[in-house]
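The following note concerns the packing of helices in the structure shown below. It is written for a colleague who has not seen the structure before.

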Amino acid sequence: MKVEMCQDMLGDLSDYLDGQATEDICAEIERHMTNCEDCRIVVNTFEKTILLYRDLPQPALPDTARQRLYQALDLEAYQPSS
Amino acid sequence: MNDSYDEAALIARIQAGDKAACGQCIEIHSPAIYRLGLRLTGNEAEAEDIMQETFMSAFKAIDSFEGRSSLGTWLYRIAYNAALMRLRRPSPAMVSVEETLSYETQAIVPKQLFDWCCLPEEDFEDEEVRIELEDAIQELPESLKAVFIMRELEGLSTAETAVALELSKGAVKVRLHRARLWLRERLTPYFAARVESLEV
């Protein structure tokens with residue numbers, strides 16, 4: 001990351017990958033990437049990072065914790081069977 | 001969050017003291033509230049306590065709920081405040097407030113310039129990578145973590161996250177962007193080592 005242009009591009013990167021950047025900004029980023037190897041690497045690894053964490057499995061609520069929640073709220077009689 | 005039910009009717013029933021409606025609210029929202037607590041604290045027991053505190057506080061204060069946000073967003077807000085109370089509890093493992101603020105305010109400039117996208121796809125899918133990702137998320141600076149979890153892992157919109165965390169929408173966008181940059185920076189040495197081990 002050496003020049004101001006790289007910093008500008010970096011600031012727009014989330015908008016670019018989320019499809020929220022304007023056409024002009026998208027074109028500018030794509031043009032910049034063809035000439036800047038460092039930024040191309042950052043964009044690729046930034047995008048891959050997003051894809052990886054979006055694929056993470058969601059932790060499940062343990063049944064025992066759910067049961068204790070109903071007990072703590074004195075709502076055991078209203079707990080559906082799991 | 002499950003939006004395919006009549007939320008206004010459910011809230012009215014809870015406000016009227018209908019305990020079955022409280023149970024329904026728990027069934028809909030408790031998994032997400034537990035996940036938020038777990039990812040904010042990294043501790044299952046703390047996550048369970050946060051979940052219990054959230055529903056106790058919510059049912060006690062339900063008469064004051066005015067419907068300016070969805071019920072889910074309101075619960076997230078209560079849960080986040082409950083987690084924050086715990087995270088600010090003195091603990092040797094905690095980072096200082098100064099450190100947290102400096103993380104937040106400093107520009108995150110990419111220093112790790114190694115292209116690890118060339119790794120075979122199956123290398124991204126093993127259990128070790130999943131654990132590394134979870135560890136990296138756990139290590140996110142506190143000021144970025146809640147925004148990241150709500151926006152990226154729980155799927156709240158920018159506006160919903162802003163309401164839950166009492167931030168502006170602009171602040172949510174900036175913090176999410178910084179969290180993503182921080183994670184890329186944090187994960188690059190790990191994946192670079194994996195690429196290098198393949199090349200040996």
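1. In chain B, the axes of helix α6 (residues 127-139) and helix α9 (residues 169-199) come within 10 Å and cross at roughly 140°. That angle makes α6(B) oblique to α9(B), a term for angles that are not under 35 degrees (roughly parallel), over 145 (roughly antiparallel) or 65 to 115 (roughly perpendicular). Axes are lines fitted to C-alpha atoms, for helices over the stretch in contact, with angles running from 0 to 180 degrees between N-to-C directions. Helices are DSSP runs (H or I, at least four residues), numbered from the N terminus.

2. This is a predicted model, in which local features need pLDDT of at least 70 and side-chain atom pairs count only at pLDDT 80 or more, while totals for chains, interfaces and linings use all residues. Residues are numbered from 1 along each chain as its sequence is written, and chains are lettered from A and ligands numbered from 1 in the order in which they are written.

3. From α6(B), Glu132(B), Ala136(B) and Glu139(B) meet Leu183(B), Arg186(B), Leu187(B) and Tyr190(B) of α9(B); contact requires C-beta atoms, placed from the backbone, to lie within 7 Å. The residues of this contact comprise four nonpolar, no polar and three charged, where Ala, Val, Leu, Ile, Met, Phe, Trp, Tyr, Cys and Pro count as nonpolar, Asp, Glu, Lys and Arg as charged, and the others, Gly among them, as polar.

4. A second pair in chain B is formed by helix α1 (residues 7-15) and helix α2 (residues 19-41), whose axes come within 7 Å and cross at roughly 130°. The two helices α1(B) and α2(B) are therefore oblique to each other.

Terms used
Contact = placed C-beta atoms within 7 Å.
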